[in-house]
Amino acid sequence: MTKVIAITNQKGGVGKTTTSINLAASLALAGEEILVIDSDPQGNLTSGLGIKKETMKNSLYEMYSGKASVEEIMLQTMIPNLYILPTSMDLFAAEIELLERPDRENTLRNILQPLKKRFRYIFIDCPPSFGLLTLNALVASDSVLVPVQCEFFALEGLSLLIKLLWRIRGGFNEGLSLEGIVLTMYNRHLSLSQQIAEDVRNVFKSKVYDTIIPRNVVLAEAPSFGKPAVLYSPNATGSQSYIALAKEILNDNDLLFKN
Ligand SMILES: Nc1ncnc2c1ncn2[C@@H]1O[C@H](COP(=O)(O)OP(=O)(O)OP(=O)(O)O)[C@@H](O)[C@H]1O
Ligand SMILES: [Mg+2]
């Protein structure tokens with residue numbers, strides 16, 4: 001059974017792309033068939049997985065506009081069972097063009113339908129906004145994984161996001177659930193980091209993963225080599241934390257399937 005998970009938070013720079021890359025890579029290295037979708041016109045996921053934008057013939061934009069099929073766009077990454085639907089800046093235009101389409105929020109869901117048997121997980125890396133690209137991702141997904149940076153405005157942004165999820169469930173995708181919340185860029189020397197982590201756990205309880213992603217320079221460095229940190233430096237604390245998160249997610253889902 002395929003699970004489609006949107007990695008989202010309207011707040012910028014909280015670790016959505018870093019989580020998408022390293023979680024997907026950890027699961028792929030553990031033997032799962034994984035697809036990642038770069039649904040952010042900034043294209044950080046695409047370059048972070050070593051795809052050169054100049055050499056790309058097609059990208060998510062061509063797929064949204066019906067000019068290319070999924071098969072023409074999908075690329076294999078350096079991890080053989082990790083595939084990507086890459087993006088380019090053109091995707092900015094898709095957001096505007098979608099406005100005129102009657103099925104504007106269902107486009108990605110329809111595109112993903114035929115891929116569902118092939119992959120165990122499909123992760124969608126969302127942009128830091130609530131536009132039509134994010135709406136398409138949320139309508140196409142079974143659940144939402146929310147990275148939360150351990151800093152002051154985290155809880156405010158989170159309650160806004162949860163309200164949005166409830167609206168999406170009410171209006172567009174009643175099956176959408178909260179996969180979990182992952183605390184990112186945690187600095188154990190900062191009492192603010194500890195306080196935010198505690199506050200988020202008090203509010204969202206078991207929805208917050210036990211695994212916390214620490215601030216770790218390897219996670220920031222790896223994309224410049226076009227590699228996931230879990231491949232570039234598997235023993236770094238940041239890489240180990242994403243591997244632990246992948247295990248936690250697999251465990252949660254296995255329990256769910258057995259019950
Ligand atoms: N745990 C971490 N430790 C150190 N640096 C990190 C960590 N997580 C992410 N970074 C760095 O912080 C910056 C923001 O991370 P990232 O791009 O993953 O966030 P994002 O939520 O996808 O941003 P955007 O909203 O712009 O899409 C990047 O430079 C990234 O390399
Ligand atoms: Mg990003």
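**Notes on the fold and the ligand 1 site**

1. (Buried means 20 or more other C-beta atoms within 10 Å of a residue's own, exposed means 12 or fewer, partly exposed is in between, and the C-beta atoms are placed from the backbone.) Phenylalanine 152 sits in the loop between S6 and H8. Its C-alpha atom is 9.2 Å from that of glutamine 195, 43 residues away along the chain.

2. Some housekeeping. This is a predicted model, where local features need pLDDT of at least 70 and side-chain atom pairs count only at pLDDT 80 or more, while totals for chains, interfaces and linings use all residues. Residues are numbered from 1 along each chain as its sequence is written, and chains are lettered from A and ligands numbered from 1 in the order in which they are written.

3. Now the sheet. Seven strands make an open, mixed sheet, ordered S3-S4-S2-S5-S1-S6-S7. S3 (75-76) and S7 (177-184) are the edge strands, each with a single partner, so one side of each has no neighbour in the sheet. Helices (H or I, at least four residues) and strands (E, at least two) are DSSP runs numbered from the N terminus, and strands pair if DSSP finds at least two bridges between them.

4. S1 (residues 3-7) and S6 (residues 143-149) run parallel, joined by three bridges. Isoleucine 7 faces leucine 145 of S6. Helix H8 (residues 154-171) packs on the sheet against S6 and S7, at about 170° to S6. (Angles run from 0 to 180 degrees between N-to-C directions, with axes fitted to C-alpha atoms, for helices over the stretch in contact.)

5. H1 (residues 16-29) lies across S1, S2, S4, S5, S6 and S7, at about 165° to S5. Contact here means C-beta atoms, placed from the backbone, within 7 Å.

6. The largest nonpolar core has 73 residues, and Ala24, Ile34, Ile122, Phe123 and Ile124 touch the most other members. H7 (residues 132-140) gives the most to this core, seven residues. (A core is a set of buried Ala, Val, Leu, Ile, Met, Phe, Trp, Tyr and Cys joined through C-beta atoms within 7 Å.) Leaving out residues up to four places away in sequence, phenylalanine 123 touches Ile5, Ile7, Ser20, Leu23, Ala24 and Val36.

7. Finally, ligand 1. Of the 20 residues around ligand 1, Lys16, Thr17, Thr18, Pro128 and Ala220 come nearest; the cut-off is a C-beta atom, placed from the backbone, within 6 Å. H1 gives the most to this shell, with three residues.

Note on methods
Two residues are in contact if their C-beta atoms, placed from the backbone, lie within 7 Å.
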